[in-house]
Amino acid sequence: MTPTTENALATPVGITLERYIKRKQSEFAYATGELSQLLRDLALAGKIVNREVNRAGLSRITGAMGEKNVQGEHQQRLDVEANIRFVRALTNGGEACAVLSEEDEHIIQTGNVFGKYVVAIDPLDGSSNIDVNVSIGTIFSIYRRVSRVGGPARQEDFLQGGRAQVAAGYILYGSSTMLVYTTGHGVAGFTYENSLGEFFLSHPDIKIPRQGPVFSCNEGNWFDYPEFVRTFLMTCKERRLTARYVGSLVADYHRNLFTGGIYLYPPTTDKPTGKLRLLYEGYPLAFIIEQAGGMAVTGADVVLDVQPTTDLHQRAPLFVGSAELVVELQAVAAQ
Ligand code: AHG
Ligand code: MN
Ligand code: MN
């Protein structure tokens with residue numbers, strides 16, 4: 001054997017997502033296998049969406065639907081397609097009694113009244129990048145229901161607050177496709193191997209550097225940012241941090257998770273609570289970042305401690321990334 005072959009065979013990477021989930025099942029408080037199945041269902045839908053994303057330019061699936069979603073934003077064909085795929089997988093899987101999707105105003109009852117979980121999802125994140133072949137993603141957040149098993153899910157199931165999440169994750173359809181998730185025992189990342197149709201463990205225990213060289217925000221909104229955000233950004237520039245912003249939250253977040261840095265979606269003059277949705281963008285990404293050793297705040301407040309209102313599609317500002325940068329931002333916000 002050549003030394004290279006030997007090295008390749010010695011590497012621990014090679015565990016499939018399936019096997020990993022099975023191995024880790026006992027770590028979970030309710031180790032009955034249902035949550036594991038739920039994660040598998042999400043991964044399956046992710047594979048299908050990955051296929052659609054890959055051939056989007058060929059299959060006439062790009063472009064706008066001509067409809068607006070509940071956010072008043074124009075739906076793209078892939079938004080709708082991804083929504084259908086994830087809801088279908090969760091419905092067929094049987095473990096989720098309901099889904100809250102960015103693309104649907106109301107809770108979707110899957111009909112699995114005995115399902116113990118609910119899933120909040122942004123089926124396709126980064127809509128503006130679909131047609132131009134730039135990285136996009138999916139974000140999900142899972143709760144154990146508080147409503148009676150055997151009946152329909154209720155709003156309260158989704159409004160338990162970020163600390164009640166039992167799992168959260170995202171899929172990045174990027175230069176490679178990755179699934180990253182946490183069940184509250186650290187963060188693991190899996191890379192999709194196209195020819196085998198499997199996710200393989202590639203990043204076993206992801207930790208974000210405490211400091212980082214990157215700030216990520218839409219600087220076009222500069223004049224609409226509150227003073228504290230501009231003050232903070234000026235300090236980033238004085239220290240010669242570098243700017244990276246692609247406009248897909250999942251992609252910007254993922255890069256900073258590995259390199260260290262801070263992602264900002266601040267309040268703006270016309271969007272006083274920012275743009276991003278708390279239940280299927282803010283909470284899940286905050287859960288993952290805390291598990292990776294980073295932080296997420298809405299300004300002075302920690303995202304996971306923010307009490308949700310009764311609006312399922314509520315928005316909240318998001319500042320997320322390396323702990324030291326987020327602490328700095330938080331301090332400026334509190335002044
Ligand atoms: P979505 O495509 O799910 O509606 O999310 C879009 C979000 C997010 O992905 C991204 O970070 C942000 O919108 C970009 O907004 P700006 O164009 O205002 O920078
Ligand atoms: Mn989004
Ligand atoms: Mn979306």
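**Exercise 1.** Sort by class the residues in the shell around ligand 1.

*Solution.* The shell contains 6 nonpolar, 5 polar and 7 charged residues, with Tyr counted as nonpolar, Asp as charged and Gly as polar. This is a predicted model, in which local features need pLDDT of at least 70 and side-chain atom pairs pLDDT 80 or more, while totals for linings use all residues, and side-chain values use heavy atoms. Residues are numbered from 1 along each chain, and ligands are numbered from 1 in the order in which they are written. Altogether, 18 residues surround ligand 1 (a heavy atom within 4 Å), and D125, S127, Y245, Y263 and Y265 are the closest.

**Exercise 2.** Find which side chains place an N or O atom beside an oxygen atom of ligand 1, and give the distances.

*Solution.* Begin with D125, whose side chain has an N or O atom 2.7 Å from a ligand oxygen. Next, the side chain of N218 gives a distance of 2.8 Å, and that of Y265 gives 2.6 Å.

Terms used:
Polar contact = N/O pair within 3.5 Å; in protein donor to acceptor, adjacent residues only side chain to side chain.
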